[in-house]
Structures are given as structure tokens and as C-alpha cells.
Amino acid sequence: MAHISRSGIVNFQARRCKTIHTINYAKEHNDRTKGRLGEKRETHIDVSREHLNQHLISCDKTPMQKILKDITGKDYGEEEAAEVDLHSVTYQDGKKIRMGRSKKDQDAVLAFEVEASYPGSLIACQLEDGVPRPVPDDVELTPEYIKQARESGNPVFDYPADLNEFDQWKMKTLQFCKDLYGNDNLLSAEVHMDEDHPHMHVLVSSVAKDKNNENRLRGTYVRRGQNGTLGDIGVSYNRLLDTYYKEVGKELGYERGNTNPHSVEKYNANTRTVRDLLVNMVTPVKLPEEREEAEKAYQALSTKYKNEEAEKNRYKSRATSLSKSATRLDQKRKSLEEEIKRLQKENAEKDQRIKELQSIERRHTCLKQGRSIYEDQKAVAISEQFDQVLENLGKEYFEKIGIDMNIESEVTKNE
């Protein structure tokens, strides 16, 4: 039985490229120019299978040259486009390109890098004279066999089992990108067969027409249809995956898959790919003496670090508890201060009331003394008035009886 596996789960996502460096890195990775000028090649790429890669779309200009031409209407040289200061570039109508990090600049995206993984059937192969040949059916495809093949320089890899199905997936995925972003916006399209899993990279310019028919860099909308107007699919992973599944995956008999682009789909035992076997492969290696010592030192440091982390967490917990206690004490202090202020205010009010009562009492004493003096003076006055009345009455009486009060007085004096 051939070593065939199949996930049947579509995966389509688009990453935003907001800097020239990001676009250049994507281009170098996609067309495999990275590493040809002395740089270190990416370790997950098998150079012996690079000739199996397919170039579906290529442009006579670099991605930045094409993007700058679309938004400014000017031609840039390759070096000039690679070093241009985007803050000094303006659209054709004179408006500046906003490439900052504020909310109003978040839609300024230079390009999208679209990646779609092939969900069809895969067969375990090895190269024979540069041509993929299936691993013989009588060979048990174990992690040990894969390891030995890799060490021998002829690794086992996944290759499409049905090339017709693979060609249909490529063409439909490419057409979907053309419809989604606009044919003129596709900068490059590559199919990689030299990595763990066959997949497609499409580099797309984000230029789209606004309501005034002016070219603009957009990051939240894509072009949809012939007229080049803005659509509403956006770059949300779920919305892109839904659209891709309805227009490509469902027609080819694939499943939609997980809504999380970073999750790992769980395959059952008969759908494990070569990549899955490599990931699960465990090879015990005897460590040299120096490495064993380094491993022990690492374990000791790791244990010390864990103990210090635990101690730090205890201190943090204690500090949190003390902070809460300090907060409660501060609240209690504030409550007591407010109570003291209230009592001081009450005491001040009572002192003021006492002073008022003392003032009233002094006024009352003064009034009482004045009344006593008044009554004494009034009694003397009444007594004098009474004596005067008696004297007057006596004069009237003696006058009536014909006695001179003065003579009587003299007689009284002589006697």
C-alpha cells in the first residue's frame, strides 16, 4: 500500500507587509534569492528539491517599483525604490502617505503576502535523478527510516499524489487571488515544493481605488471584481477562509478546518504526513562528558531559578498582603481623622455656646443688680414723697383750725 496521507483541510491566510524590508524579505524567501549572495540559507528548505518549485507569476519590476508606480505615477529605479523614504512620497493628487503607528495610519499597508497550503493527498517520496519517486510499498515508513534517509542526503518528503488535482488547486487558488485583489495587483506567485508541505505564496499589492477613483494603499479592504472598487472581505482570517472555502475548497471536496490559523489540526493515525513523523521523532543521543556537566549545571541553575522564582512569588504575595493591610490602615486613619475633626467641631460649637450662655448670665446679673438699686431708690423716693404728703396734709389741717404751723414749731422749740 502506498504511503499516502491526506488532511483535506483548507488553509488560506494573508499577512500585512507594512515596511519595505518586509516586502523584500518575502520576495527573497518566495523566489529563493535569499542565501545566494553569501547569506545563511533557511534551515527548513531542502536545496536538493529547489528545482521542483514553480513560478506562476513574475514581474519585470521589483514589488516596490510596481507599488510606487501605481500610487505616484512615477518610475523608480530598483535601488531607489529599495531605499525610498515613504514619509516623503505623495499620491498622485498630492496627499501624503501615512505610514505611522497611530490609528489613522493603520490602513497604510504596502502589500499582502498570501499563503495557501495544499490540502490534497500527499505521497511519501524520495528523489531519484532529481525526480520524485514514491517510497516502495514494502518499506515501513518509520521515524528511524526517515532519519536515516535524511542523514544519507536523500530525505523523504511529501509530494502531491494526484498531480491533476494539484494543478486544479493551483489554478483555482491563483484565480481566487486575482478575483480577490485584482489581476494587476499580483506581484508574484510561487509554489514551494522544497519545504515540509507543498504550499503557495502570492505577493499582492494593496493598492485600491477610493471613492474618488484615486489609487490608495489600503490594509482593511481588498479589490473585488472588474471595476477595482473597494470590497468588504477585508483581511480577517475567518472571513478570508470562509470565502476561500466557498469558492475553492468546497468545489474540490476539501473541508473548511479550524478557525484559528495557529492551531494544529489533529489527524488520525492513517493521515499522518512525513512532517508529522519528523516532528514526533525521538532519537536518544549520548552526551559527551562536557555536555553532561553543562546539562547538570543547567539543571542546577534551573532548580535555583525555580526556587528563586518561588521565593520571589512569596515575597510578592507578602508584599501584596502588606499593601492591602497598609491600605486598610490608611482607610482607618482617614476615618479616625474625620472623627477627630467632627469631635473638634462639636467641641468648638459647645465652647461657643458656653460663651454665649456666660454672656447671657452676666447680662442677667447686671440687670438684677440694676433692678435692686432701682427698687431701693424707688422706695426712698416714695418715702420722701409720703413724708411730703403728710406734711402738706398737716399744714392744711392746722390752717383749718387756725393754728400757725410756724408758731407751733417755735413753741415746740422753746419748750
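In this predicted model, a residue is called buried when its relative accessible area is under 20%.

Q: How many residues of S4 are buried?
A: A residue of strand S4 counts as buried if its relative accessible area is under 20%. By this criterion S4 is mostly covered. The number of buried residues in S4 is seven of seven.

Q: Which residues of S4 are buried on the side that holds Val114?
A: In a regular strand the side chains alternate between the two faces of the sheet. On one side of S4, Ala111, Glu113, Glu115 and Ser117 are buried.

Q: In which sense do S2 and S4 pair?
A: Strand S2 and strand S4 are joined over seven bridges. Within this pairing, Cys17 has Ala111 of S4 as its bridge partner. The sense of the pairing between S2 and S4 is antiparallel.

Q: Which element gives the largest share of the largest nonpolar core?
A: The largest nonpolar core has 36 residues, and Val114 and Trp169 are among those with the most contacts inside it. Elements that give two or more residues to this core include strand S4 (111-117), strand S9 (199-205) and helix H5 (163-181). The largest share, seven residues, comes from H5.

Q: How many residues has the other core, which includes Ile23 and Met64?
A: This core lies apart from the largest one. Tyr76 and Ala81 are also among its residues. Its size is 21 residues.

Key. Residues numbered from 1 in each chain as written. Predicted model: local features only at pLDDT ≥ 70, side-chain atom pairs only at ≥ 80, totals over all residues. Heavy atoms only, no water. Core = buried A, V, L, I, M, F, W, Y, C linked by side-chain atoms within 4.5 Å. Buried < 20%, exposed > 50% of the residue type's maximum accessible area, 1.4 Å probe, protein only. Helix = DSSP H or I, 4+ residues; strand = E, 2+ residues; numbered from the N terminus. Pairing = 2+ DSSP bridges.
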